[in-house]
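Please keep the coordinates open while reading.

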Amino acid sequence: MGNRVTREDFEWVYTEQPHTQRRKEILAKYPEIKTLMGPDPHLKWIVSGMVFMQFLACYLVKDLSWKWIFFWAYGFGGCINHSLTLAIHDISHNVAFGNKQAKWNRWFAVFANLPIGIPYSASFKKYHIDHHRYLGGDSLDVDVPTDFEGWFFCTPLRKLLWLFLQPLFYSLRPLYVNPKAITRMEIFNALVQFSIDLTIYYLWGLKPIIYLIAGTILCMGVHPISGHFIAEHYMFLKGYETYSYYGPLNWLTFNVGYHMEHHDFPSIPGCRLPMVKKIAAEYYDNLPHHQSWIRVLWDFVFDDAIGPYSRVKRLCKLAKES
C-alpha cells in the first residue's frame, strides 16, 4: 500500500492532438456524419424531468434522519446530479437548442444546474472550450492535474484520498492553472442558484440543501459513475490519451463514455455518438477502450504505474479569437 507510483512526470508529447486529423479523415470518407450534428430534441425534456424529480425529492427528504439523507444523496440524488453535470457538458456544446440559439443553451444550463446546489454551469462552459481546443495543453487544459497532485497523490491511500477530493480539485484547479475573469453569466448563474437554494431552505429547511450538495460531492468522488473522470484521458496505455467506454452506465450519463467519438465530433449530441462509432467502425473498433468504470477506479488506486501524472501534456499555441 505504501509503494510510490513509478511515474514522476506527465507524458510530454510534441504532436498535435489526434482528434483533429481523425475528424478530417472520417468526414472525408463518411460525409453523412455531418447530418448527426445539431440539437438533440429530447434533451431539454429529459433534463427538465430530472430537475423536477430532484425538487420532489427535496420535499420527500425534509423529515428524514441524517443517515437516510446521506444514503439517498449517494444512492439516488447524487446519481441524478452527476448526470445533470454531464447534461450541462452536452449543453455547453449547444446541443439543447443549436448553435443559433447559444444564449438559450447558456440559460438552460443554469436551469439544469439548480439541483446541483452550487453554481457550476457557466464556469464549466468557460473552461471546457479550452479542454477541446488545447487537449492536454500546459497551463490551458485545466482538466489535467497540477504537478503537486501528481507528486503528492502517489500511493494507493493517497490516490484514494484524491478521488474523494476530486470535486474540490476539479473546481479550484482552474483558479490556479488558468485564472480567467468572472463573466456576467457566472454572476447570473450564482444569483439564480443561491436564490433557489434559499427558497428551498425557507420552504423545507436545511436537510434538502444538504441532500443536494452532498449528493453532488459524493457522486463526483468515489462512485461508479465518477469513473468516467479517470477513464476519459488518463493514459492506461502509452501513446493513447483518450479512451471510450461502451458499457451500460452510458444510459445514465448521456453517452459520455463515447469519449473518443465526442472529441472527434464535439458538436454531435451524446444520443447520436453510438451512430458515429457504427458508421466509422474501422476508426474506433481497434482503439483501446474501457470495459468498466469501477475497474478503472480500482486500477487507478492500486496500479503503481497509474496516478495523477498519467496524463499527456503538450505545449499549445493560443488560437486567435474570431
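The second largest cavity has a volume of about 50 Å³. A cavity here is a set of points on a 1 Å grid over the protein atoms alone where a 1.4 Å probe fits but cannot get out, and its lining residues have an atom within 4 Å of a point. Grid points are joined across faces, edges and corners, and a volume is the space filled by probe spheres set on the points. Its lining consists of I88, S92, R106, A109, V110, S121, A122, K125 and M185. Two or more of these residues come from each of α4 (102–113) and α5, where helices are DSSP runs of H or I with at least four residues, strands are runs of E with at least two, and numbering starts at the N terminus. Five of the lining residues are nonpolar, two polar and two charged; Ala, Val, Leu, Ile, Met, Phe, Trp, Tyr, Cys and Pro count as nonpolar, Asp, Glu, Lys and Arg as charged, and the others, Gly among them, as polar.

The model is predicted, so local features need pLDDT of at least 70 and side-chain atom pairs count only at pLDDT 80 or more, while totals for chains, interfaces and linings use all residues. Residues are numbered from 1 along each chain as its sequence is written, and side-chain values use heavy atoms, with hydrogens and water left out.

In total the structure holds five cavities of 30 Å³ or more. The largest cavity contains about 70 Å³ of space and is lined by D143, W162, Q166, Y170, R173, F229, Y234 and R311. Helix α8 supplies the largest share of that lining, three residues. By class, the lining has four nonpolar, one polar and three charged residues.

Turn now to the open space. A pocket is an open set of points with protein on both sides within 12 Å along at least five of seven lines. The largest pocket has a volume of about 950 Å³. Of its 39 lining residues, Y120, S123, F124, Y170 and S171 lie nearest the centre. The lining divides into 22 nonpolar, 10 polar and seven charged residues.

Which residues does the UniProt annotation "transmembrane region" cover? The unreviewed entry lists 43–61, 68–87, 107–124, 187–204 and 210–231; such annotations may be inferred rather than shown by experiment. Residues 107–124 are 61% helix and 0% strand, with end C-alpha atoms 13 Å apart. Residues 187–204 are 100% helix and 0% strand, and their end C-alpha atoms lie 26 Å apart.
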